[in-house]
Amino acid sequence: MKIIGSDYDGTLNHKGIDDCKRRAISSWRKAGNVFAIVSGRPVSDLIRFSREHGFECDFFVGYNGAVIADSEGKIVSSAVCDGNIAGEVISHLISSGVINVYVGTDDAFELCPEKLVWSEADSVDLRSVYSDRAFTQIGTDCIDYSAAENITLSLNERFGDKLNPLQNGTCINIVRRDINKAKGLYILMEQLGAKYEDVIAVGDNVNDRDMIAEFRSYAMDNAVPLIKELASDVTPGIAQLIEKELK
């Protein structure tokens, strides 16, 4: 049994999800292997995408490894951050000039999507409601890639002892210090009784860095330079990767 841990945006869903990808995923699973989506998105999004695009998935690893659900949507693992720090993080993001702030609270275990808690453009400000809540991930959108990079650095400087800020293009995902996509795959590996050498990671962006560096891995053709440097190989897409691995 082998496990593919695939990022979603820009990886599995690069130029859409067509019949070729659906057939490849089906062939992978029929051969006795496991296919998991590993994303910064909430698990609820990943389950919805799977249903909308008509492909089956064995596991959904959401919030960059903080929440893991099986094919039926049952939570098998979760990692919560102390709510005492949420207010500080939200205030830091707002003062840094982000566009908006989303919080995945402890009720994310019911597969609820992240909640918009602050948006200057839409006059949304629910900081008082969520500033003391335990959370799985705080997410934000920045004006451009450079801003996301700089704000990620400032978050690391201020909260790096407790939290792991992960840049994801022009977005930032903030999870518990010990959480990242590699950690999510290790948890999945333990759940399945699989071996380290059975895990294959594939991604395209900076928040994929940990799993790409940790496991045998593929970078997408469209990946940022850092991911291509860290990956074991490069692939044009999931279907081609699976075809190669099944030989």
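Reader: Which residues of H2 are buried?
Author: Keeping in mind that this is a predicted model, the buried residues of H2 are Val-43, Ser-44, Asp-45, Leu-46, Ile-47, Phe-49 and Ser-50.

Reader: And what do the buried residues of H2 pack against?
Author: They pack against three strands, namely strand E2 (34-38), strand E3 (59-62) and strand E4 (67-70). Just after H2 comes Gly-54, which takes a positive phi of about 70°.

Reader: Where in the chain do Tyr-8 and Phe-49 sit?
Author: The pair links distant parts of the chain, since Tyr-8 belongs to the loop between strand E1 (3-6) and helix H1 (19-30), while Phe-49 belongs to helix H2 (residues 43-53), and the two are 41 residues apart.

Reader: Are Tyr-8 and Phe-49 buried or exposed?
Author: Tyr-8 is buried, and Phe-49 is buried as well.

Reader: Which residues do ring pairs link into a cluster?
Author: That cluster consists of Tyr-186, Tyr-196 and Phe-215, linked by ring pairs.

Reader: Now the helices: at what angle do H1 and H9 pack?
Author: H1 and helix H9 (residues 238-246) pack at an angle of about 30°, and their axes are 9 Å apart. Because angles under 35 degrees count as roughly parallel, H1 is described as roughly parallel to H9. The crossing of H1 and H9 is left-handed.

Reader: Which residues make the contact between H1 and H9?
Author: From H1 the contact involves Cys-20, Lys-21, Ala-24, Ile-25, Ser-27 and Trp-28, and from H9 it involves Ala-239, Ile-242, Glu-245 and Leu-246. By residue type, the contact of H1 with H9 divides into seven nonpolar, one polar and two charged residues.

Reader: What about H3 and H5, how do they pack?
Author: H3 and helix H5 (residues 145-159) pack at an angle of about 145°, with 11 Å between their axes, and the crossing of H3 and H5 is right-handed. On the H3 side the residues are Glu-88, Val-89, His-92 and Leu-93, and these meet Ile-151, Ser-154, Leu-155, Arg-158 and Phe-159 in H5. The residues of the contact of H3 with H5 divide into five nonpolar, two polar and two charged.

Reader: Let me stay with His-92 for a moment; is it buried or exposed?
Author: His-92, which lies in helix H3 (residues 86-95), counts as buried because its relative accessible area is 12%, and the cut-off for buried is under 20%.

Reader: Which residues does His-92 touch?
Author: Not counting residues up to four places away in sequence, His-92 touches Ser-154, Leu-155, Arg-158 and Phe-159.

Reader: Last one, then: how exposed is Asp-141, and what is it in contact with?
Author: Asp-141 lies in strand E9 (residues 135-141) and is partly exposed, with a relative accessible area of 22%. Leaving aside neighbours within four places in sequence, Asp-141 is in contact with Val-98, Ile-99, Asn-100, Tyr-102, Thr-170 and Cys-171.

Reader: And how are the C-alpha atoms of Asp-141 and Ala-69 placed, what separates them?
Author: The C-alpha atoms of Asp-141 and Ala-69 are separated by 25 Å, and these two residues are 72 residues apart along the chain.

Definitions and conventions
Residues are numbered from 1 along each chain as its sequence is written. This is a predicted model: local features need pLDDT of at least 70, side-chain atom pairs count only at pLDDT 80 or more; totals for chains, interfaces and linings use all residues. Side-chain values use heavy atoms; hydrogens and water are left out. Helices (H or I, at least four residues) and strands (E, at least two) are DSSP runs, numbered from the N terminus. Buried means under 20% relative accessible area, exposed over 50%, partly exposed in between (1.4 Å probe, protein chains only). Rings of Phe, Tyr and Trp (its six-membered ring) pair if their centres lie within 6.5 Å; planes under 30 degrees apart count as stacked, over 60 as edge-to-face and the rest as tilted. Contact means heavy atoms within 4.5 Å. Axes are lines fitted to C-alpha atoms, for helices over the stretch in contact, and angles run from 0 to 180 degrees between N-to-C directions. Angles under 35 degrees count as roughly parallel, over 145 as roughly antiparallel, 65 to 115 as roughly perpendicular and the rest as oblique. A crossing is left-handed if the near helix is turned anticlockwise from the far one by less than a right angle, and right-handed if clockwise. Ala, Val, Leu, Ile, Met, Phe, Trp, Tyr, Cys and Pro count as nonpolar, Asp, Glu, Lys and Arg as charged, and the others, Gly among them, as polar.
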